Amino acid sequence: MSDAKQTPEDDTSERLRAELEAFEAALPAAADEAGLYELQVRFLGKKGSVTALRKRMGKVPPEQRKALGKAFNEVKQAIEGGLERRRVELESQARERELSRRVDLGFVPERARAGAVHPITATRRALEVIFRRMGFDVLDGPHVEVEDYNFDRLNFEPEHPARDMQDTFFVDPPAGAAASGAGAAAWDPAKSFVLRTHTSPVQVRTMLSHRPPIRIVAPGTVFRRDDDPTHSPMFNQIEGLYVDRGVTMADLKATLYGFVRAFFGPGLMVRLRPSFFPFVEPGAEFDMQCPFCRAPGEGEQPNAGCGLCKHTGWIELGGSGMVHPAVFERCGLDPEVYTGWAFGFGIDRMAMLRYGVPNLKHFFEGDLRVLEQFPC
Ligand code: DAH
């Protein structure tokens, strides 16, 4: 080094200048805080290039040290100043970007499509709430029912027309079960199955498994082999059963009247009309005054009312009556001790009245144009 042309001072100050140039060339490429930090380390850090040159100070003759020290400080300040300038510049660029960002406040997000409760389900739940409030439990029963519960224990004679293949869906027993008896096995209603034709078998199931007092309703789907504009092979009923000592038909009428008030609103007349069902005696159809036309109803005036009540002023909700002693006996309850009443109403008809839907089939076809009108 001693024989070099340049003195250490010349050499060092020249290299200092070169470092400053290198810094200035690299500075515009620093695009963020990390880039700036990298430059600071590269030039001024512990192992930085400018710091390395500074360590040469010791080898410089004392008279030159002052000038060289000054040069160092100038370069260091230039670098620090450059870093700060660039930092301010980057910050203002970032602020400008932020300010020029456009937020579209008119943006309307697409609504998530939520499902809704089917109108029949909503109706069923409303019925459940009303009967629960009156002290009834809500029970369920199987759709595939033993023939015995669907017919025999409800006092249907073996030759009753409802047992005809025309009316009832009979369910083939599982393979193997039928082959148990050799040849013509004895027909056994306890071992043959139907799709329940009504919710009344839940009465049987309840009486076989519970002691009175019994107060239950059992809503659910039932099945029959008819299919025309006003009948669907699948529809819904709600069964009611009240059994205790001293239950009378007055209790039946009062309960059903209370139900009509709660579901359709006050002021509608109700009536019981004698009718026959094998599992009740006496039996009656239960009608209520048409909630649409509120025609007087009495006397079946031919021109009264509206299309919904077929101009009678009355809407038929279903059957009812006092539980037949034979049914009590077949379900293990003593008819000398207990009395009771039962009813079975169509839920779908009530949903039609509730929502003003004129055709039962609209509920079951699954057409979204219909169902979307019931967002519940
Ligand atoms: N189960 C009958 C049907 O589907 C309706 C019925 C009538 C139910 C009288 C009852 C009743 O509980 O007492 O046609």
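A residue counts as near a molecule or strand when one of its heavy atoms lies within 4 Å of it. With that in mind, meet the ligand: 15 residues surround it, and the closest are H198, S200, R224, Q237 and E239.

Before going on, a word about the source. This is a predicted model, in which local features need pLDDT of at least 70, side-chain atom pairs count only at pLDDT 80 or more, and totals for chains, interfaces and linings use all residues. Residues are numbered from 1 along each chain as its sequence is written, and side-chain values use heavy atoms, with hydrogens and water left out.

As for confidence, pLDDT is the predictor's confidence in each residue, from 0 to 100. The chain has a mean pLDDT of 88, with 90% of its residues at 70 or more.

| Residue and atom | Ligand atom | Distance |
|---|---|---|
| S200, polar side-chain atom | nitrogen | 2.9 Å |
| Q203, polar side-chain atom | oxygen | 3.1 Å |
| F343, polar backbone atom | oxygen | 3.2 Å |

Taken alone, the ligand exposes 360 Å², and the protein buries 90% of that (Shrake-Rupley method, 1.4 Å probe; for residues, only the protein chains shown count as cover). Two or more residues of the shell come from each of β6 (234–244), β9 (314–323) and β10 (339–346). Strands here are DSSP runs of E, at least two residues, and helices are runs of H or I, at least four, numbered from the N terminus.

Strand β10 also holds G346. Beyond its neighbours within four places in sequence, G346 touches N236, Q237 and L317. G346 is partly exposed, at 23% relative accessibility; buried means under 20% relative accessible area, exposed over 50%, and partly exposed in between (1.4 Å probe, protein chains only).

Next comes helix α10 (residues 347–355), where I347, D348, M350, A351, M352 and L353 are buried. Just after α10, G356 takes a positive phi of about 65 degrees.

Finally, the cysteines. Counting a disulfide as a pair of cysteine sulfur atoms within 2.5 Å, the total is 0. For C290, the nearest cysteine sulfur belongs to C293, 3.7 Å away. C290 is buried at 0% relative accessible area, and C331 is buried at 2%.

Notes
Polar contact = N/O pair within 3.5 Å; in protein donor to acceptor, adjacent residues only side chain to side chain. Contact = heavy atoms within 4.5 Å.
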